[in-house]
Amino acid sequence: MKKSRKLFWITVIVLLQAVSLIGCWNRQELSSLGLVMALAIDQAPEKNKVSITVQLANPREVKQPSKTGGGGTKPVWVATNTGYSFSDALRNFVSISGRKLFYAHNQVIVIGEEAARKGVRPFMDFLSRNYQIRRTSWVVVAKGVKGARILQFQSEMEKVPAMEISSLIKAKVDASTAAGIDIHDFIEKLTGDGIEPIAGGIELTNRTQPEGGEAGKDKNEVSLTGTAVFKEDKLVGWLNKPETRGLLWILGQVNRGIIVVESPKDIKKPVALEITRASGAVAPEFRNGKLVIKIKIKEEGNLGENMSEVDVTRPGVIKTLEDEQKKVIENEIRAALKKAQKEFKTDIFGFGASVSRNYPNEWNKIKSRWSGMYPDLAVELDVATKIRQQGMVSSW
Amino acid sequence: MTKSLSRLFRAWKRKKSRTSASVSAELTANLTYLQEALGSSTDVVIRQFTVGSAQPVKAALAFIDGLADNVMINESIMKPLMLEMRMVADGLSKKDILTVIKDKVISMGQLREVDNLSAMLDGMLSGDTVLMLDGYSSALLFGTRGWESRGVEEPLTEAVVRGPREGFTETLRTNTSLLRRKIKNPLLRFEVLTLGRQTRTGICIAYIKDLADEKIVSEVRKRLERIDVDSILESGYIEEFIEDAPLSPFATVGNTEKPDVAAAKMLEGRVAILVDGTPFALTVPYLFVESIQTSEDYYTRTFFATLIRWIRIIALTSTALLPAVYIALLTFHQEMIPTQLLLSMAASAEGVPFPAFVQAFFMGLVFEILREAGIRMPRPVGQAVSIVGALVIGQAAVAAGLVLPSMVIVVAFTGITEFIVATQIESVTLFRIFVTGLAAVLGFYGILLATLALLIHVLTLRSFGVPFMSPLASGSIWDLKDVFLRVPKWAMLTRPQAIPTNNRLRQKPLQYPRPPSGKKKD
Amino acid sequence: MLEDGKISSKQYFLIIFSVILSVSIFSVPAPTVALARQEVWIAMVIAVFVDGVVAATLYYLGLKYFPQSLVQYCSTILGRIPGKITGAVFIWFFIHVAAITVRILGDFMITAVMPQTPILVFAVTLVILSASAVRNGLEIIARLAELIGPVLILFSLLTIGLVLKDVNPDNLKPLFHTGLIDILKASLIPSSWFGVCVIMGMLLPYHDKPQKTFVAKMGGVITGTILLTAFMLVQMGVFGVHGTASLTFPSYSLARMIHLGDFVERIEVVMMVIWLGGGFITLTVLYYVAVLGTSQLLNLKSFQPVVIPVGIVIIGLSIMLFSNHIDLKAFINKVFPFYALSIEGGLTTVLLIIALLRRGTAKKANRK
């Protein structure tokens with residue numbers, strides 16, 4: 001008993017010493033980290049190489065920029081590297097920056113259009129395999145430019161441009177004018193059966209100067225416009241703003257936003273309606289052996305702005321406005337459907353997934369023919385709109 | 001070395017077996033003994049006189065000046081012996097004098113007859129007065145204890161806003177009286193024993209006979225009787241001898257300076273040990289949960305008391321784990337820090353050359369030094385030290401780029417919260433060092449390891465047979481009524497079941513206050 | 001007596017619960033979801049039934065041969081030599097599963113949290129700590145379970161609750177579309193893990209109310225199953241069937257999805273710590289049972305001398321058995337169910353049959 005106790009403690013001490021000898025493995029002091037705020041993936045000039053751009057935060061400058069001005073370093077540091085694969089390209093950064101790259105706070109992943117058209121699956125593999133990268137980073141596709149170009153823009157509001165892009169995406173998602181897709185959503189759609197991925201589209205635009213201000217020489221403002229549409233893992237095209245909302249209606253991701261309708265009294269003068277609540281559902285049906293997709297949209301809103309002189313208190317006016325609104329929504333949806341079905345032939349709405357959920361047996365039969373069936377699917381719309389409030393005044 | 005030690009040990013044993021002589025019939029022999037025993041100490045007073053008129057008997061009164069009450073000696077002993085004795089002593093045979101003195105002359109409450117010299121000496125040294133008569137082989141001890149002592153004051157520790165303000169004093173007798181005043185139950189028992197060869201300190205085991213488990217009381221008695229030491233100056237001296245886990249950083253014996261706390265604990269079936277010469281009483285068995293309970297919890301209303309208890313739990317957890325979590329976050333799990341915060345922390349980390357653990361260690365050390373300095377310094381200076389220390393050193397360390405600003409916040413907060421659960425300061429401080437060290441090596445995994453090690457350790461502890469962690473682990477779920485909650489008084493039906501007791505129910509059930517039942521008619 | 005401690009029903013329940021949930025949460029979801037798809041709950045119910053049968057067998061045998069433990073009544077039932085061999089098989093199984101547990105926890109740490117750290121560090125620290133608990137006997141382990149079990153329940157519910165808003169209910173459709181054979185195959189995986197509760201055969205003699213063992217044990221299994229099933233359903237809801245099946249540690253990835261407002265997020269490390277705490281209970285219980293069984297088998301007076309050798313074996317096995325995580329996964333998904341069930345279910349059934357036959361012959365002998 002006594003002997004075993006002694007033996008026990010000796011073992012403990014020896015093992016503890018062994019442990020402490022090995023040292024500290026995953027320890028990394030804050031000042032030795034290169035905080036990656038954004039990543040961009042582009043096609044390198046060489047055909048089989050990728051070029052990866054990182055945006056590293058320079059914390060000292062983020063907090064208090066050098067007072068001397070001009071000579072101060074920038075709050076972020078953008079660098080590009082090429083390699084045969086994602087991690088191959090990343091590996092070289094340490095030798096440049098002297099700091100260990102730390103991805104856990106990465107906000108955005110920008111995929112250059114060229115790279116997106118070639119296929120993104122290899123990148124997604126790295127992004128989901130890496131233990132630091134979170135599945136909640138946004139995925140956007142740079143429209144018309146290289147992703148690296150997006151990371152180079154200088155923000156006026158935020159010290160770190162990536163943070164601005166991130167809040168821009170959040171704001172746009174909130175206003176239902178862009179699809180907020182993070183790695184998690186993207187991978188889910190990419191690997192899911194009967195659904196194809198989408199991503200927000202980001203582009204550089206001219207800053208709108210206040211009147212009298214100097215016109216921007218350079219395109220130096222990012223904006224989130226439209227949606228990148230993928231087939232499998234390859235970018236096939238873009239949806240514009242109304243089409244994007246059409247897509248979001250179907251996906252049930254409209255939260256808030258403004259619908260501008262023509263005034264019943266004066267076509268030129270619009271009435272703005274504010275969306276307060278909306279839901280969308282896809283319900284496939286087999287009618288006489290033929291697949292019909294039914295889309296049900298329910299929308300509720302308020303009267304936001306009335307630029308015409310129409311008196312909303314008059315009976316029937318609200319009804320007319322509701323109908324107008326319905327028409328607008330239907331148009332948006334039709335536009336999106338047309339683009340996706342006829343032009344890109346890619347099932348970004350997840351019609352196939354919805355069929356597989358509701359008619360698993362039938363789905364197994366049509367699965368192989370799905371891409372052929374999809375462009376010619378009959379889609380029915382059932383949009384119900386409602387105007388609840390008219391704001392602080394009724395009419396004046 | 002071992003040889004000389006064992007020789008010393010044998011000598012110690014021999015000393016103990018020395019039997020003391022009995023009181024001699026010759027007064028001079030007794031006086032010689034006293035003189036030999038006490039030497040020429042100036043505070044020893046020996047007054048020789050004669051008793052009786054017809055057949056005067058030589059007598060001597062001995063006491064220690066300052067310990068015995070002079071007025072009492074003059075009025076109740078000397079006066080009767082010298083004046084009134086004459087009236088009753090006529091025709092008294094020499095044999096009866098002692099009985100007469102005992103039964104008829106001395107007007108004192110406390111009186112006992114001893115025939116043992118060392119008992120006589122012990123009595124004298126505790127403030128009693130000895131009367132020795134020539135021709136009698138026994139002496140009388142009069143209870144004349146009365147010395148200058150600190151009054152019953154508000155204790156410095158365990159301050160309360162609401163609740164009794166009196167605290168124990170350094171006098172054992174006063175302390176027992178304070179307890180007796182709280183519990184006027186005849187079953188309240190005080191058992192006295194004397195410990196310490198040099199100090200001869202009075203120790204008192206206090207318990208309520210019906211409530212305290214006899215096994216625990218006898219265990220306390222047994223452990224106390226086993227103690228054979230030179231001196232006992234404070235209850236801490238005996239605490240270390242009766243602990244169940246002497247090598248644990250956790251105390252398994254509680255202490256309190258307040259009679260109401262001691263009484264409440266005795267009313268839950270615990271045993272209190274009072275030690276002469278210190279205002280700190282020990283209470284056993286002591287459970288971990290007692291450290292998050294204070295007397296005031298039971299004097300304020302239930303909701304607030306529960307809230308405060310939770311605050312204490314949070315404070316205890318954070319003072320133990322906060323630096324460790326902070327270091328783990330800073331050096332292992334940076335992904336857990338919100339992005340904006342991380343950026344600003346990284347900004348201040350630029351240019352700080354020391355690893356986070358070194359910073360934490362350094363700041364923690366500074367804090368402990370300041371704390372100790374603040375306690376030891378004379379009070380007015382002490383305050384200045386702590387404020388200057390906290391403000392200046394923290395501020396300067398940040399400005400000089402030695403530590404992160406957030407590190408100062410963490411360390412300062414840890415230091416403050418430490419005081420909320422004051423009874424666990426020692427164990428928490430030790431554990432904090434342990435867990436911070438492991439967190440610096442293994443991050444959150446290290447914290448987990450340290451916590452598990454701590455749990456395994458505390459779960460093995462027992463205090464006088466009661467598992468230290470009950471009722472948190474092992475024991476009745478109903479005991480939790482007084483751990484995470486402080487249920488209203490009328491719902492606290494039973495005493496804690498963790499402490500063995502013969503009398504489980506504490507009060508009449510269903511005493512939820514109700515409005516008067518009869519409807520008033522106007 | 002090797003062990004004087006007694007454990008209460010509550011402690012028994014929490015021990016079994018921790019064993020059920022904490023390791024299974026790492027090893028069960030991905031392969032089970034891959035096979036049973038939306039019908040995992042059926043697979044789980046089947047697993048509970050399978051385990052119930054094993055539990056009933058052990059309960060019957062345990063009470064019949066009270067106060068002997070599983071290892072001890074092996075000899076009573078089978079005779080000296082075969083009994084010792086059977087007992088050794090059980091002990092080997094406990095040690096083996098303990099090693100697998102260490103490996104799963106260690107692999108989890110080096111895959112998801114601290115990739116640069118050698119796995120030996122985790123194995124060694126966990127086993128040392130576990131050994132210090134084992135040395136203190138059953139009561140300490142039971143109290144540890146009593147402290148950690150409720151925290152495990154609380155945080156599991158918290159994780160599920162916090163990711164509930166990310167659940168896409170569409171992912172749980174279509175229902176009833178997986179073949180029965182696939183469901184049965186899938187149910188083997190949880191059953192094999194639930195079957196680890198053959199430890200109940202070892203613990204039953206130390207239960208203060210042995211008659212209530214069955215209820216306590218099934219209570220633990222059912223509670224654990226409900227939480228585990230809830231986890232798998234939520235994982236499917238968040239990641240989809242395919243996503244869940246392809247993730248290495250779906251439960252951890254699930255915890256990574258937690259975000260509430262802008263600052264209650266990234267708390268997966270806290271969840272990890274809690275699960276690891278649960279895994280520690282599992283390891284400690286298995287370790288203890290192996291140590292106790294060994295000393296019973298060898299008729300030792302104290303189990304202390306066995307603690308360190310068994311610990312070293314566990315560390316060694318956990319490192320050497322598998323060369324990498326893929327290896328481990330392949331073993332857990334393909335081999336372990338059959339291997340474990342043949343011991344958990346097969347061997348105990350054999351014991352039961354022989355015990356019943358013996359009783360029959362004994363009765364006949366009595367009549368004569």
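Ten residue pairs are in polar contact across the interface of domain 1 of chain A and domain 2 of chain A, with both residues of each pair at pLDDT 80 or more. On the side of domain 1 of chain A that touches domain 2 of chain A, two or more residues come from each of α8 (161-174), β8 (221-231) and β9 (234-239) of chain A. Of these, β8(A) gives the largest share of that side, five residues. Sorted by class, the side of domain 1 of chain A that touches domain 2 of chain A consists of twelve nonpolar, six polar and five charged residues. The structure described here is a predicted model.

The two domains of chain A are domain 1 (30-208 + 217-239) and domain 2 (240-396). Taken over C-alpha atoms, the centres of domain 1 of chain A and domain 2 of chain A lie 31 Å apart. The contact between these domains involves 23 residues of domain 1 of chain A and 25 residues of domain 2 of chain A. About 1,900 Å² is buried between domain 1 of chain A and domain 2 of chain A, and carbon and sulfur atoms account for 59% of this area. Within the area that domain 1 of chain A buries against domain 2 of chain A, 32% is supplied by A:S176, A:D193 and A:L239, more than by any other three residues. One salt bridge is counted between domain 1 of chain A and domain 2 of chain A. A:D193 also takes part in a salt bridge with A:K367, in which the closest N and O atoms are 3.3 Å apart.

Chain A as a whole has 396 residues, of which 49% are buried. Its secondary structure comprises 14 helices and 13 strands. Among the contacts in chain A with a separation of 6 or more, 69% are between residues 24 or more positions apart.

Chain A also makes an interface with chain C, to which chain A contributes 30 residues and chain C contributes 32 residues. The size of an interface is often given as the accessible area lost when the parts come together. For chain A and chain C, the buried area is about 2,900 Å², with 60% given by carbon and sulfur atoms. Two salt bridges are counted between chain A and chain C. A salt bridge joins A:R134 and C:E268, with the closest N and O atoms 2.5 Å apart. Polar contacts between chain A and chain C number seven residue pairs, both residues being at pLDDT 80 or more. On the side of chain A that touches chain C, at least two residues are supplied by each of α1 (2-22), α9 (183-191), α12 (351-358) and α13 (360-366) of chain A. The most is given by α1(A), with nine residues. By class, the side of chain A that touches chain C is made up of twelve nonpolar, eleven polar and seven charged residues.

Chain C is also in contact with chain B, through 30 residues of chain C and 24 residues of chain B. The area buried between chain B and chain C is about 2,400 Å², and 75% of it is on carbon and sulfur atoms. On the chain B side, the residues that lose the most area to chain C are B:Y445, B:I456 and B:L459, which together make up 26% of what that side buries. One salt bridge is counted between chain B and chain C. B:R462 and C:E139 form a salt bridge, with a distance of 3.6 Å between the closest N and O atoms. Three residue pairs are in polar contact across the interface of chain B and chain C, both residues being at pLDDT 80 or more. Helix α15 (residues 425-460) of chain B provides the largest share of the side of chain B that touches chain C, namely eleven residues. The classes represented on the side of chain B that touches chain C are 17 nonpolar, five polar and two charged residues.

Within chain C, C:D107 is placed in helix α5 (residues 80-113) of chain C. C:D107 counts as buried because its relative accessibility is 2%, and the cut-off for a buried residue is under 20%. Leaving out residues up to four places away in sequence, C:D107 touches C:I119, C:F249, C:N324, C:H325 and C:L328.

Conventions
Residues numbered from 1 in each chain as written. Chains lettered and ligands numbered in written order. Predicted model: local features only at pLDDT ≥ 70, side-chain atom pairs only at ≥ 80, totals over all residues. Heavy atoms only, no water. Contact = heavy atoms within 4.5 Å. Buried area = accessible area lost by both parts, 1.4 Å probe. Salt bridge = Lys/Arg side-chain N within 4 Å of Asp/Glu carboxyl O. Polar contact = N/O pair within 3.5 Å; in protein donor to acceptor, adjacent residues only side chain to side chain. Helix = DSSP H or I, 4+ residues; strand = E, 2+ residues; numbered from the N terminus. Nonpolar A, V, L, I, M, F, W, Y, C, P; charged D, E, K, R; others polar. Domains from an automatic or database assignment. Buried < 20%, exposed > 50% of the residue type's maximum accessible area, 1.4 Å probe, protein only.
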